[in-house]
Amino acid sequence: MDRDEPLLIEMSKPGLAPVRVPEPDVPFRGASAWIPERLLRRTPPALPEVAEIDLARHYTRLSQKNFSVDTHFYPLGSCTMKYNPKLNEDFIRAPMIRRVHPYQDEASIQPLLRMLIETQEMLSALTGFPGISLQPAAGAHGELTCLMVFRAWHRAHGEEERTEILIPDSAHGTNPASVVTCGFRPVELRSNEHGLVDAAALREAVGPRTAGMMVTNPNTLGLFEREIVEIARILHDAGALLFMDGANFNAILGRARPHDFGVDAMHMNLHKTFAVPHGGGGPGAGPVGVSAELEPYLPVPVLVRDGDRVRLDHDRPLSIGRVRGFLGSTGAVLRSYCYLRMLGEEGVRRIADMAVLNANYLRATLGEILRVPHDGPCMHEFVATLEGLGNLPDRPALHAAKRLIDLGFHPPTTYFPLIVRECWMVEPTETESKETLDAFCEAVRRIAREAEENPERLTSAPTTTPVGRLDEVRACREPRLTWFDA
């Protein structure tokens, strides 16, 4: 199906403009005063020229075609696409926040610094880690930051030969990417028949070259790693460190603290667990927490209390240095600050309680339609397989996911984790009502019937969207990222 919305550049007419920029009221010597002549454009960029009303209508029409957590149920497993309270958005638009300039001196932004350090202290209370850094920009950046801390710690102890990081086969794809980016070598650990880390296999894998291990807990199958204390002990006895991917922290928030069961460092996705808008390129944030032994290696500057003031501590000789400009993704962090203050201690615990309850309700109900390979009580999410669904010739997970779009639901995560064939990873989060979950289950029942009786309805889906099936492989391998006049 052809797209039905023209690009802005295709709507462009010379002389139109949505806004008139006033002449500068300060002396301006021209771009050549700061930019070398060879880097200056010879011709103006081909920017769209449209009227304000056309610009507003264009983006409004596009927004009405989007799936989002504000319009649809979004059970995207592992990504925790929960509702984002609008109070958080109102809060960060307050003048005392939005008018702060990144280059202001710390004496003039004490209220802001106090809110940031209070966020650190709340994250410390929830994770058990004494050292917190708000700098990392997102989850994978938090992973990389923790691995850089691991590398610095081993080097400081004269153990540069530790170059390997163990990773379970169910890990997030960013884990091995972060390992390689940091200069380590990833070593895969196979899960046992229960979908968990095998402690016996771990004992065999650790050695003098092991720098650490990355574990997601609960893991991507939605299962809590029951041997996590033993896993930490095995690594520590071998002189290695344990990192926890905090992508699934929503499941244990306020109920279990990772540092208490032996984790040395973790990252936290504020755009997952703490209701910061997720997707569309940001704004993300991936603060990290570390043990007391690793705290000296955190990025600088570090926020510290100094009497009744908060100051930026740059005097950290063992620090890995900056990993982010200024103070990090401050807007995202302050959204989380508002969220945590609004919920309070009891509200935070109810997040985990309701997330786990909703996931188990869906698991039990959908288990009557789909097969759940690792069945039994789950945490915040579960993985089901659609292998053998109805009379579909191939790729049942994909076809069923596309049909869900027609029925008004965003599909779950498909084909991940890779250790389960033709899988959906389903995470309802704590914010969805029983009525929404029941409607989702009824949609899946309908899809299962159609797969038996009319599989072409699935293989031709979606049919209600502006475009149908896209060539996703070609889009990845041959992306067109710039417009040109054909």
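Let's start with helix 12. Its buried residues pack against four elements: helix 10 (330-366), helix 11 (396-406), strand 12 (423-426) and helix 13 (456-459). Keep in mind that this is a predicted model.

Which residues of helix 12 are buried? Leu437, Phe440, Cys441, Ala443, Val444, Ile447, Ala448, Glu450 and Ala451. Note Glu450 in that list.

Now a check on the helix itself. Helix 12 covers residues 434-453, so 20 residues. At 1.5 Å a residue, they should span 28 Å. The end C-alpha atoms lie 29 Å apart, which agrees.

On to the sheet. Take strand 4, residues 210-216. Is it buried or exposed? It is mostly covered: seven of its seven residues are buried.

Strand 4 has a partner in strand 2, residues 164-168. These two are parallel, with three bridges between them.

How does the chain get from strand 4 to strand 5? Helix 9, residues 228-237, belongs with them in a right-handed β-α-β unit.

Back to strand 2. It runs parallel to strand 3, residues 185-189, and five bridges join them. Find Ile165 again: in strand 3, Pro186 stands opposite this residue. Strand 2, helix 7 (residues 174-181) and strand 3 form a right-handed β-α-β unit.

Next, the cores. How many residues are in the largest nonpolar core? It has 55. Those with the most contacts inside it are Leu116, Leu202, Met213, Leu235, Leu242 and Phe274. Several elements each supply at least two residues of this core, including helix 5 (110-127), helix 8 (199-205), strand 3, strand 4 and strand 5. Helix 9 and helix 10 are on that list as well. Helix 10 gives the most, with eight residues.

Zoom in on Phe274. What does it touch, leaving aside neighbours within four places in sequence? Leu123, Leu126, Phe249, Leu253, Asn269, Ser336, Tyr339 and Leu340.

Then there is a second, separate core, of 28 residues. Among its members are Val372, Val444, Ile447 and Leu458. Val444 and Ile447 bring us back to helix 12, where both are buried.

That's the tour. Thanks.

How values were computed: Residues are numbered from 1 along each chain as its sequence is written. This is a predicted model: local features need pLDDT of at least 70, side-chain atom pairs count only at pLDDT 80 or more; totals for chains, interfaces and linings use all residues. Side-chain values use heavy atoms; hydrogens and water are left out. Buried means under 20% relative accessible area, exposed over 50%, partly exposed in between (1.4 Å probe, protein chains only). Two strands pair if DSSP finds at least two bridges between them. A crossover is right-handed if, with the strands pointing away from the viewer, the path from the first strand over the helix to the second runs clockwise. The expected span of a helix is 1.5 Å times one less than its number of residues. Contact means heavy atoms within 4.5 Å. A nonpolar core is a set of buried Ala, Val, Leu, Ile, Met, Phe, Trp, Tyr and Cys residues joined through side-chain atoms within 4.5 Å.
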